[in-house]
Amino acid sequence: MKDAMIDAKNQRMLELLAVGSTSRVIAKQMGYQEGTMRVYLHNLYRRIGVANKTEAVVWYLNREKSRDDLKAEKSAQRPTTGDVFGDMALEEDLFATLGVMSQFTGPYGRVWEVAQRLEGTAMDEKMSERRGRARLLWRALLKGDWAYGKRIYDADMGGAISLDAPSDAVLLAALLVAGGFSLAGDRLASQLTDKRKAGRGVTTREATLMRLARDAFQAQDAQAAAALQKFAGEKSSAAVIKQAAMVLAFHAFKARSEDARARQCANAMWAEAESARKHLEAMGERPLGGEAAFAAPAKAVTREKATAGAR
Amino acid sequence: MSQEDSPGEGPVQALISQLRAPLPAEGANQVVDSALALCRQLYGSARSRDALPLAQAALARSREASDPNRILRAAAACGGLSADMADIVGAINYHVQALRVGMREENRGEMSRSWNNIGNALGITGNYSMAARCFQRSLALVAPMSGPVYSRFAASGNLADCFFQLGNTSEGIAQAERALHEMTPAFREHDPYAAVLLHRNLVRLNLAAGRLDLAERHVAEVVAIGAASASPRVRIAVDITRASFELASGRSDVALTRLDQVLARAREVPSTLRDTLACVIRAEESAGNTARALMRLEELSDHIYNLAIERAREHVELAGVREEAGLAMDQRNEIDRARLVSKLEPRSAPESFKALQRLAVGAVMRMDETGWHGRRVGALSKALALALGTPPLQAVEIGMAAELHDIGMLSIPEGILASKRSLNAAETAIVQRHADAGAEMLRDDDHPMVFMAQEIARYHHAHWDGQGYPARVAGRFIPLGARICAVADAYDAMVCGIGSEPARTMAEALEELQRGAGTQFDPEHVSCFDALVRSESEDLGMDLQAGSGMEDFQELVLTLKEDRGFV
């Protein structure tokens, strides 16, 4: 199959070409001299059998499309079971399948938001930026959008993230390793300081998560994915680490076509999301909204009264 | 308090040792009789915990003498005392023993009493359908006897309550009237509690039937009987009755104030706690304090009901009363919960919480120069609550509430707090006042978190075995938040050397906690806390044995507090 010839570097070059980048931009993005880049590009053209940039892009887009077809075909072959959630998670991805429920999982989720409010902590700009960044990483992890991780890393966020938010960096490192960018993943992991040496750093559990993810995706070890799943089930870990391990185990099992176990992990994620939603409801929250229409008139009245009083 | 007018430790210990020493048969009987009389007295003044060993010793002695009459009475006493401490399984065990003796002796009256007692024990757990069957058996046994029979009076009164709880008002009123008919002045004199309960049942039933005038008459009866009795149990029943009448006549604020005091007393008499909580829930709900009602419901179902009912269920099947379920009660709790949750509003930080936090820092600064004792205890409490499996937002609230646990220290003279030597009795008594002072400072706040803080302030020095203060509040009848806070508080005090405590390493302090498990602390919480501290510090690469644990400990607490996007 042709795909075998396309390594991560070539893949990245094609991606950049497809969004219309010039060879100068591509060179800059990938950290080569422009001349070197041109040689690489020509090697790529020859390898996939096209004459120029335009044809390369057409080839790439066709290939992407057929990949989608391939995916559809594959999922048509996969037998459906009674496990509706597991089936869809395997067919699509965890983010699509969890849908709005994904908000109840991961770092800086809905529960965290309510906890901030209970504690009376005002959400400042810096915090909401940090939150946005972490949520995007989490989303990519659920989706299995490995390229997103690489983009973040390439935009030289890696350095800043590991200093600023070690827990996010752990997610990013896992994302990189899972996507096969093991060199970048390792480099990022080595940047992360040990929490016992510096105040901001990763804990032993987070380090374990990164190590397990690396084993599961890189060594392609049957035991390693199971170890991730087991780690997710451990009682003592913080919820987010548990969930990250669960998601990574899902992807690892899916990649190894161990559908039954991937389904287990997917369903465990659903259970996590569902229990968080129930908990929020039990605390008087309306986590799925849908009440604004009723609340509005009452508010309007009080505002009127307030203005009348002010006059 | 009842402590003054009831016998102290001395006579109890003396009688126990007498019962254990070899005695001539004649003298032994006398000792057993006076022991049982003392038990009765202690039961009346809500000191079942002290009385149980005495009753057990009396039971053992009567067995040795194989005196069926005394075995029966001693077993019944043991059962009654166990039930009073909400040890339902133990209670049923003893009552079944008494029942067997009664059967051997073919004494229908005593068998009837035993069934009545078993029914009472089940009633404490809230399994009314099962309890009703026991009362019916009790009634059937004495059916052929004519004239006023005590068991008939007691059992039909209790049966009336079951019918009320099961929603069958007309049948309940019929039973209660029968009991009233059976009651003689002697019964009323002998067992004022049963008389109060009977009238209470009539009040409730009439309220349910919508006859306020009749209910009011019975309230007057209840108050009259209650005035003649000093027993805390009777007083609690009287107050609950008055509160339910006030609720029905729309004075829920009066009822709430009354119930607030009742609840504090009921924690010392566990067998009344169920009833009290049920009434508190209704009062809070009708006063519009949904969140607080929900908190109480949680306490009712998780910490009392589940515990007792599960164990009772297993046991009663063994005793030959087959019953699928106290399911009805589960369902009722679920329905109540759903209704309350649907009314609940999203909440935010309580108003002025920052100010309270500052006050708490100021209060603590008088014994801990950093002033961070409260903060540290808050962080540890939250972590412990999470580790115990409390849902995250509740754990957050427990943590915040626990920050304020020592706020009452503001009212304690500084000279006492600053001294590093151990305190004399008078000073200790003054320091102990900080618990009530804190509760007083945090009183009457609408926010459930401050409400929880009030309970934590009041009960964070209550011991698992009832030896702390407030005295006799023990076991699971200490509010959950206070039990969690107690462990965190003691640990922080030991590591940081607060008060007369010498500073210990983190490992030593853990060992010290282990020593207090089951006496001072909830054993489950201690083992969970131990595992938590060990795994967290391992995660941070700390050495628990290190000479001064202070720096590492601060680091640990900071990590627990740090916001990493998790709860």
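Student: Let's start with helix α7 of chain B, residues 108-125: how far does it reach from its first C-alpha to its last?

Tutor: Keep in mind that this is a predicted model. α7(B) has 18 residues, and at 1.5 Å a residue the expected span is 26 Å. The helix comes out close to that, with a reach of 26 Å.

Student: Is α7(B) largely enclosed or largely open to the outside?

Tutor: Count its buried residues, where buried takes 20 or more other C-beta atoms within 10 Å. In α7(B), 16 of the 18 residues pass, so the rest of the structure leaves this helix largely enclosed.

Student: Which residue just after α7(B) takes a positive phi?

Tutor: Step just past the end of the helix and check the backbone there. The phi is about 90°, and the residue is B:G126.

Student: How do α14(B) and α15(B) run relative to each other?

Tutor: Helix α14 (residues 232-248) and helix α15 (residues 252-266) of chain B pack with their axes 9 Å apart, at an angle of about 160°. Anything over 145 degrees counts as roughly antiparallel. Their crossing is left-handed. The pair is therefore roughly antiparallel.

Student: Which residues of α15(B) meet α14(B)?

Tutor: On the α14(B) side, the residues include B:I236, B:I240 and B:L247. Across the whole contact there are 10 nonpolar residues, one polar and five charged. The α15(B) partners are B:S252, B:V254, B:A255, B:R258, B:L259, B:V262, B:R265 and B:A266.

Student: Last one: which helix gives the most to the side of chain A that touches chain B?

Tutor: The contact takes 28 residues from chain A and 25 from chain B. In chain A, α7 (110-119), α12 (204-218), α14 (239-255) and α15 (259-282) each supply at least two. By class, that side has 13 nonpolar, seven polar and eight charged residues. With seven residues, the top contributor is α7(A).

Notes. Residues numbered from 1 in each chain as written. Chains lettered and ligands numbered in written order. Predicted model: local features only at pLDDT ≥ 70, side-chain atom pairs only at ≥ 80, totals over all residues. Axes fitted to C-alpha atoms, helices over the stretch in contact; angles between N-to-C directions. Helix = DSSP H or I, 4+ residues; strand = E, 2+ residues; numbered from the N terminus. Parallel < 35°, antiparallel > 145°, perpendicular 65-115°, else oblique. Left-handed = near helix turned anticlockwise from the far one by under 90°. Contact = placed C-beta atoms within 7 Å. Nonpolar A, V, L, I, M, F, W, Y, C, P; charged D, E, K, R; others polar. Expected span 1.5 Å × (residues − 1). Buried ≥ 20, exposed ≤ 12 C-beta atoms within 10 Å, placed from the backbone.
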